[in-house]
Amino acid sequence: MSKLLKSKALAWCAFTLIILVFALTFRMREVWWAFFDIFFAFMMAFCHLAATYIGSLLPPAGRKLDIFAAVFGILAVAALIGENIAYNIIF
(Lines give C-alpha, C1' and ligand atoms only; values in the text may rest on other atoms or scores of the structure.)
Protein backbone atom coordinates (compact mmCIF):
# COMPACT_ATOMS: atom_id res chain seq x y z
CA MET A 1 0.00 0.00 0.00
CA SER A 2 2.87 2.36 0.76
CA LYS A 3 4.37 1.92 -2.70
CA LEU A 4 0.98 2.53 -4.25
CA LEU A 5 0.62 5.84 -2.39
CA LYS A 6 4.09 6.97 -3.46
CA SER A 7 3.52 6.15 -7.13
CA LYS A 8 4.01 9.20 -9.33
CA ALA A 9 2.14 7.59 -12.22
CA LEU A 10 -0.91 6.95 -10.03
CA ALA A 11 -0.76 10.51 -8.70
CA TRP A 12 -0.71 11.83 -12.27
CA CYS A 13 -3.65 9.58 -13.17
CA ALA A 14 -5.68 10.90 -10.24
CA PHE A 15 -4.80 14.50 -11.13
CA THR A 16 -5.78 13.96 -14.76
CA LEU A 17 -9.00 12.22 -13.74
CA ILE A 18 -10.02 15.19 -11.57
CA ILE A 19 -9.39 17.60 -14.45
CA LEU A 20 -11.43 15.38 -16.80
CA VAL A 21 -14.31 15.20 -14.31
CA PHE A 22 -14.21 18.99 -14.01
CA ALA A 23 -14.26 19.45 -17.77
CA LEU A 24 -17.03 16.92 -18.35
CA THR A 25 -19.32 18.15 -15.57
CA PHE A 26 -18.76 21.89 -16.03
CA ARG A 27 -22.07 22.47 -17.84
CA MET A 28 -24.04 20.42 -15.31
CA ARG A 29 -23.11 22.68 -12.41
CA GLU A 30 -25.79 25.36 -12.38
CA VAL A 31 -24.70 27.47 -9.40
CA TRP A 32 -21.35 28.73 -8.19
CA TRP A 33 -21.36 26.70 -4.98
CA ALA A 34 -21.58 23.45 -6.96
CA PHE A 35 -17.84 23.69 -7.63
CA PHE A 36 -16.72 23.23 -4.01
CA ASP A 37 -16.38 19.46 -4.25
CA ILE A 38 -14.36 19.55 -7.45
CA PHE A 39 -12.13 22.30 -6.03
CA PHE A 40 -11.33 20.26 -2.92
CA ALA A 41 -10.77 17.14 -5.03
CA PHE A 42 -8.42 19.10 -7.30
CA MET A 43 -6.49 20.43 -4.32
CA MET A 44 -6.27 16.90 -2.88
CA ALA A 45 -4.85 15.52 -6.12
CA PHE A 46 -2.49 18.47 -6.55
CA CYS A 47 -1.15 18.27 -2.98
CA HIS A 48 -0.59 14.53 -3.31
CA LEU A 49 1.13 14.99 -6.67
CA ALA A 50 3.39 17.64 -5.16
CA ALA A 51 4.04 15.38 -2.17
CA THR A 52 5.22 12.55 -4.42
CA TYR A 53 7.83 14.80 -6.02
CA ILE A 54 8.84 16.84 -2.97
CA GLY A 55 8.74 13.89 -0.59
CA SER A 56 11.84 12.33 -2.13
CA LEU A 57 13.81 15.55 -1.59
CA LEU A 58 12.28 16.80 1.66
CA PRO A 59 10.44 14.01 3.54
CA PRO A 60 8.88 16.29 6.21
CA ALA A 61 7.42 18.54 3.51
CA GLY A 62 6.10 15.51 1.65
CA ARG A 63 4.38 14.22 4.78
CA LYS A 64 2.86 17.64 5.43
CA LEU A 65 1.55 17.84 1.87
CA ASP A 66 0.06 14.36 2.20
CA ILE A 67 -1.71 15.49 5.37
CA PHE A 68 -3.07 18.49 3.46
CA ALA A 69 -4.17 16.11 0.69
CA ALA A 70 -6.03 13.96 3.23
CA VAL A 71 -7.75 17.03 4.70
CA PHE A 72 -8.77 18.20 1.23
CA GLY A 73 -10.08 14.70 0.51
CA ILE A 74 -12.26 14.80 3.62
CA LEU A 75 -13.46 18.28 2.65
CA ALA A 76 -14.26 17.05 -0.88
CA VAL A 77 -16.47 14.28 0.47
CA ALA A 78 -18.14 16.66 2.94
CA ALA A 79 -18.71 19.21 0.15
CA LEU A 80 -20.18 16.54 -2.12
CA ILE A 81 -22.63 15.51 0.60
CA GLY A 82 -23.43 19.13 1.47
CA GLU A 83 -23.98 20.08 -2.16
CA ASN A 84 -26.29 17.12 -2.65
CA ILE A 85 -28.35 18.06 0.40
CA ALA A 86 -28.47 21.74 -0.57
CA TYR A 87 -29.38 20.96 -4.16
CA ASN A 88 -32.22 18.65 -3.09
CA ILE A 89 -33.61 21.24 -0.67
CA ILE A 90 -33.29 24.27 -2.98
CA PHE A 91 -34.27 22.67 -6.26
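## Salt bridge

The structure holds one salt bridge, a term for a side-chain nitrogen of Lys or Arg within 4 Å of a carboxyl oxygen of Asp or Glu. Arg-29 and Asp-37 form this salt bridge, and their closest N and O atoms are 3.0 Å apart. Both Arg-29 and Asp-37 are buried. Buried means under 20% relative accessible area, exposed means over 50%, and partly exposed lies in between, with a 1.4 Å probe and protein chains only.

## Basis of the model

This is a predicted model, in which local features need pLDDT of at least 70 and side-chain atom pairs count only at pLDDT 80 or more, while totals for chains, interfaces and linings use all residues. Residues are numbered from 1 along each chain as its sequence is written, and side-chain values use heavy atoms, with hydrogens and water left out.

## Overall layout

The protein chain has four helices and zero strands, and its pattern along the sequence is α-α-α-α. Helices (H or I, at least four residues) and strands (E, at least two) are DSSP runs, numbered from the N terminus.

The C-alpha atoms of the protein chain fill a box of roughly 50 × 20 × 20 Å along the principal axes. Of its 91 residues, 30% count as buried. Among contacts (heavy atoms within 4.5 Å) between residues at least 6 apart in sequence, 66% join residues at least 24 apart.

## Helix 2 and helix 3

Helix 2 covers residues 8-24 and helix 3 covers residues 36-57; their axes come within 9 Å and cross at roughly 160°. Axes are lines fitted to C-alpha atoms, for helices over the stretch in contact, and angles run from 0 to 180 degrees between N-to-C directions. Helix 2 and helix 3 are therefore roughly antiparallel; angles over 145 degrees count as roughly antiparallel, under 35 as roughly parallel, 65 to 115 as roughly perpendicular and the rest as oblique. The crossing of these two helices is left-handed, that is, the near helix is turned anticlockwise from the far one by less than a right angle.

On the helix 2 side, the residues that meet helix 3 include Trp-12, Phe-15, Ile-18 and Phe-22. Among their partners in helix 3 are Phe-42, Phe-46, Leu-49 and Tyr-53. By class, this contact of helix 2 with helix 3 has 15 nonpolar, two polar and one charged residues. Ala, Val, Leu, Ile, Met, Phe, Trp, Tyr, Cys and Pro count as nonpolar, Asp, Glu, Lys and Arg as charged, and the others, Gly among them, as polar.

## Helix 3 and helix 4

The axes of helix 3 and helix 4 (residues 59-90) come within 7 Å and cross at roughly 165°. Helix 3 and helix 4 are therefore roughly antiparallel to each other. Their crossing is left-handed. The contact of helix 3 with helix 4 comprises 20 nonpolar, four polar and three charged residues.

## Two single residues

Leu-5 lies in helix 1 (residues 2-5). Leaving aside residues up to four places away in sequence, Leu-5 touches His-48 and Thr-52. Gly-62 is 57 residues from Leu-5 along the chain, and their C-alpha atoms are separated by 12 Å.

Phe-68 is in helix 4. Phe-68 counts as partly exposed because its relative accessibility is 43%. Phe-68 and Ala-11 are 57 residues apart in sequence and 15 Å apart in space, C-alpha to C-alpha.
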